[in-house]
Structures are given as C-alpha cells and as structure tokens.
Amino acid sequence: MAERPYIVGNWKMNGTRSMLSEARAIDRASQRLMKVEVALAPPFTLLHAVHKEVQQIGVGAQDCHPGEDGAFTGDVSASMVLDAGAKFVILGHSERRQAHGEDDALVKAKATAALNAGLRIILCCGESEEIRDAGEAEQFVIDQLKASMPKISGNVGEVLTVAYEPIWAIGTGRTPTADDIGSMHRAIRALLVELYGEETSAAVRILYGGSVNPGNATELLGADEVGGALVGGASLTAESFLGIVLAA
Ligand code: PEP
C-alpha cells in the first residue's frame, strides 16, 4: 500500500443536489482520516456545488474534451472543469471507451489537454473478460497504457495516477484475486519505471477499481503495488464509501 493511499469515488451519472449531504459527510469524516487522501468525482452538474461544500477532500471530473473551447455542443473542456473547482479528471474509463468509442489516441489527447490546463489525471486501463481468458490481460493493459499516456515532464507523481479496472469487474460484484491484481500492478509499475525512471515514478499511485466495497476493501487494497481504489457503486453513500476509506 502506498504511503498515503488514495481513495476516489466515481459517482458516474448519479446524483442531484440532494446528494450533497453525502459529500459533506464524506468530507467531515475525511478530516479525521488524514492518512488517506480522499476524493470524489461527481457529474459535471455537481462539480461546483461539491467543491463549495467540502474542505478536505479533492474534487474531480469524470471526463473532459481535448479542445480548449469552440463549437462542441454538450462537451466540457479541461479549463472549464478546473474553473468549476476540479483538481483532477478521470480519463479513459472503460465506460467511455465502450459507450463513446474513445480510443487510446483520444484519451491521450484529453490527458494532454487536462495537464496543460493544470489538472491532475487519473488514467484508467483494463481488459475485457475475453482478453483475460485468452491469457493476454497484462500485454493488453500495458499496450493500452503506453498508447494513452500523455507526455509528462517534471514530477510525474504529482500529476499522474493510474487506475487498473478490469472491465468484467466493474459493477458486477466480481473481482480478480489479490494475486492477479498484484501481478497486473507490478507490470504497470515496471512500465512506469521504464517511462519515467525508478525514483520519479515511485510516487505514482496505481489504484485498483472494480466492485470494491467495504467487505472486500482490506483484501483488495492489501494486494501488491495497490496505492488505493477507484470506487463506483460503493461511493454513492457516505456509509459505504467511508467503510472503504477506513479499510485503507
Ligand atoms: C468504476 O466504474 O470506476 C468502478 C470501479 O465501478 P464499481 O466500483 O461500481 O465496480
């Protein structure tokens, strides 16, 4: 486990202003749990409101457009989410890769735009069940990460977090074994060392995501090279999300 584990809640397309009380409760509890870095990624519509409600936790977006501004109906740029209070953005989530046809080149372009705007990024990667069953998961994830990774200069640990999220584990209640997570995270760590050198890349946290809940968090977070968790469904209530934060 990383020195300061990072637990990030991804609310996806959930939440109206009535959910601000959950964000407040998560924030209040996190003020007493300083050894864990806690963050929430609400939908765009709640970004500013959550940002105004919280003091301790980080707030981020779930996506951004690669362009700076212009005629892109319905899209939101990196500088807009920064202006709304976001400090980071989740990019390359499999739900966007699958439902919005985002390929590695687009994820890389978005990541570059986010970094240029001054946001930190959480770069997601993960294999389908077919790829895992074929024994090709590690090679697939490494290739996906290489192709999605923006150019980063300076202190990579300050701006980059990687989230390994096997697609078949997202929202399904199924999880890889701690051994499988550990071996994937070691492969990702080796790639980071190759790209950024041992010392600089050591500060990059590699999160695990996929059906993390308060009941399995201790085991999953205890896997080798796991620096925290990206949490979907279980981040929607303060009670379950804080159960995971407490396990970290
Ligand atoms: C996610 O989609 O980032 C995720 C990890 O979802 P869940 O925790 O619901 O599996």
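This is a predicted model: local features need pLDDT of at least 70, side-chain atom pairs count only at pLDDT 80 or more; totals for chains, interfaces and linings use all residues.
Trainee: What makes S3 and S4 count as a pair of strands?

Mentor: Pairing requires at least two bridges found by DSSP between the strands, and strand S3 (residues 58–61) and strand S4 (residues 88–91) have 2 bridges in the parallel sense, so the pair meets the criterion. Within this pair, glycine 60 stands opposite phenylalanine 88 in S4.

Trainee: Where does helix H5 pack, and how is its direction set against that of S4?

Mentor: Helix H5 (residues 104–117) lies on the sheet, where it touches S4 and strand S5 (120–125), and the angle between the directions of H5 and S4 is about 175°.

Trainee: Which strands make up the barrel, and in what sense do they pair?

Mentor: The closed barrel has 8 strands in the order S1-S2-S3-S4-S5-S6-S7-S8, with parallel pairing, and from one strand to the next the twist averages 25°.

Trainee: Why are the buried residues of helix H2 said to be on the same side?

Mentor: The buried residues of H2 (residues 44–53) are Leu46, Leu47 and Val50; because they cover an arc of only 130° around the axis, they fall on the same side of H2. Thr45 and Lys52, on the other side of H2, are exposed, a label that calls for 12 or fewer other C-beta atoms within 10 Å.

Trainee: What covers the buried residues of H2?

Mentor: The cover includes H1, S2, S3 and helix H3 (78–83).

Trainee: Which residues come nearest to the ligand?

Mentor: Of the 13 residues around the ligand, the nearest are Ile170, Gly171, Gly209, Gly232 and Gly233, and by class the shell holds 5 nonpolar, 7 polar and 1 charged residues.

Methods:
Residues are numbered from 1 along each chain as its sequence is written. A residue is near a molecule or strand if its C-beta atom, placed from the backbone, lies within 6 Å of it. Ala, Val, Leu, Ile, Met, Phe, Trp, Tyr, Cys and Pro count as nonpolar, Asp, Glu, Lys and Arg as charged, and the others, Gly among them, as polar. Helices (H or I, at least four residues) and strands (E, at least two) are DSSP runs, numbered from the N terminus. Axes are lines fitted to C-alpha atoms, for helices over the stretch in contact, and angles run from 0 to 180 degrees between N-to-C directions. Two residues are in contact if their C-beta atoms, placed from the backbone, lie within 7 Å. A residue is buried if 20 or more other C-beta atoms lie within 10 Å of its own, exposed if 12 or fewer, and partly exposed in between; C-beta atoms are placed from the backbone. The arc is that of the directions from the helix axis to the C-beta atoms.
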